[in-house]
Amino acid sequence: MGMTAIEKILARNSDQEVVKPGDLVVVEVGTAVLYDNNLIPANWRDVLSVKHPERVVMVFDHRVPAKDIMSATAHSVGRRFVEKFGIERFHDVGPTQGISHALIADHGYALPGTVLVCGDSHTCSAGVFNCAARGTGSPDMLYAVTKGETWFKVGETVRYDLTGSLAAPASTKDVLLHIANEYGDHATMNVEFGGPALENLSLNARRTITTMGAELSAEFATFEPDPVMLDYVRERNPGVAFEEQYPDEDANYYGRHTIDLTAIEPLVAMPDAVLNNSKPAREFGGEKIDQAFIGSCANGTLDDLAVAAEVLDGKTVSSDVRLIVTPGSQLIYKQALKAGYIEKIMDAGAVVTNATCGACGGGHLGILSAGETCITASTRNFKGRMGDADSRVFMGSPATVAASAIRGTITDPRDITGEG
Amino acid sequence: MEKPVLEGKVWSFPDNINTDLILPGRAQYFTEEEQMKVVFEANRPGWVDEVQQGDIIVADRNFGLGSSRPAARSLRNVGVACLVAESINGLFFRNCVNWGFLALECPGVAAAFEEGDIAKVSFEDFTVTNTRTGETLQAGAVPDALLATMQAGGVLPVLEAEGLIAKE
């Protein structure tokens, strides 16, 4: 019996011919990404030795620029670490600032066929690059950085074959909500994506799916390699060798499902859960919102800003709504400026913030009070996620969020754009 | 190292208990001690005052969905001796290992216990017994290396002993 893509990556990096579900493997860490939440006093210890400083990336993203003394302290700890161990790939406040997962994509840090760990749960994002990318805890990161290795329990893999093409303004966010609705949690399992629809999906669109793999409770979320992805990585890593991993034809999948993208419609998840909790955007009967947010590692890409600009172009955000837009990185922000997206978004009445995790995790730049309602294009809508435990967070695509911001109520984007 | 066998009072939790419920985002930058006071404040206010040292959490599917935050450490710190769930989110399970909090996956466990029952959990043969009903369930084994780390108080003492990180 053959192996799935993730099994082959884990086998390679643990020097084994074969791995199978149930195995515990020790793998070499190709890239270790530290971020500000690792560096707060309750989570961090002074590191005395780093195994491979050239494999370490340091990012400040959750609370940048520092929003309080605790985040400032964490950033100081990070700067000292970078100085002490000569870490070259360092993303401080400034032009290369951004959310770790967006930066990994911007700079091509995730090499196909390798292992990448980061202390943030949405690290599965980099699975779009055919990388075994995994969110870990802070102690895990100390282990990976000092010893150069980590362990994984190998889980079963569920394969999703994507066919057809999306009918705009439906997006891969809607695809993910559809999968979460139909198939529920994937705890202890991996998800693998491939199929003929890949050629119709940009890397950004694919990355929304892998990032949201964390919300399926999956272990690894991995895309099959294709020329678009491989060219992108090669361009950013000239002369660097890597070996992408395709699943074997007789790979052993726990389950296999075909998702026809043509049939996907805008969906919205109701408050408190992403799993088994969505319904069509048109079925919300004028549900009023106070805030709308577009950003995060899941929906802060250039594609997402383009869609927001398209929906908002020439329209005005409802006077009852605060629309907050947070690009995934300063690089994306600049690209969106050049493309004219930011002007359209701001002209409609939105506030565009600097690149950071920001409102997504309730850290800063758009916290909700008790009784408020938000619709978000970000990663999570758990109870209390974006502020007070008595606020409510609905979740949809950037198009759905932009449309809802215009109307002041949860709105199917097709009712604004006239598409579909 | 001798493998633990525990007996404790059961607290029952439904499926999909997420990390933001265990350790709310607003407490992420708190100290370890402050974080203990807010565990389950949104879904089970007052629970932290009732839970006793040595109690056991029995949960349905997908416990610990969500963030990498040290939520497992907070459960350990408030006195929970062990987590037994139908299934556990992989990242949460890593944090159980690395923060030194005993955890097991056990099919059928949610239906086999009512809150207040006494559970006997053996890491020798990975069985979970309800002392009221006498029912014994077979849990999934935790690999020796991971169990040893859980028992040793997590991975930080290991790194300290090897001189890789500073002592607290």
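I looked up how far apart in sequence the contacting residues of chain A lie (two residues are in contact if their C-beta atoms, placed from the backbone, lie within 7 Å). Among contacts between residues at least 6 apart in sequence, 77% join residues at least 24 apart.

I noted that this is a predicted model, in which local features need pLDDT of at least 70 and side-chain atom pairs count only at pLDDT 80 or more, while totals for chains, interfaces and linings use all residues. Residues are numbered from 1 along each chain as its sequence is written, and chains are lettered from A in the order in which they are written.

I then recorded the make-up of chain A, which has 13 helices and 18 strands. Helices (H or I, at least four residues) and strands (E, at least two) are DSSP runs, numbered from the N terminus. The radius of gyration of chain A, 20 Å, is close to the 22 Å that the globule rule gives for 420 residues, so chain A is as compact as a globular protein of that length. This radius is taken over C-alpha atoms, and the rule is 2.2 Å times the number of residues to the power 0.38.

Next I checked burial: 59% of the 420 residues of chain A count as buried. A residue is buried if 20 or more other C-beta atoms, placed from the backbone, lie within 10 Å of its own.

B:Gly100 follows H5(B) and has a positive phi, near 75°.

Finally, I found 38 residues of chain A in contact with 40 residues of chain B. Helix H4 (residues 138-147) of chain A gives the largest share of chain A's side, 6 residues.

Terms used:
Buried ≥ 20, exposed ≤ 12 C-beta atoms within 10 Å, placed from the backbone.
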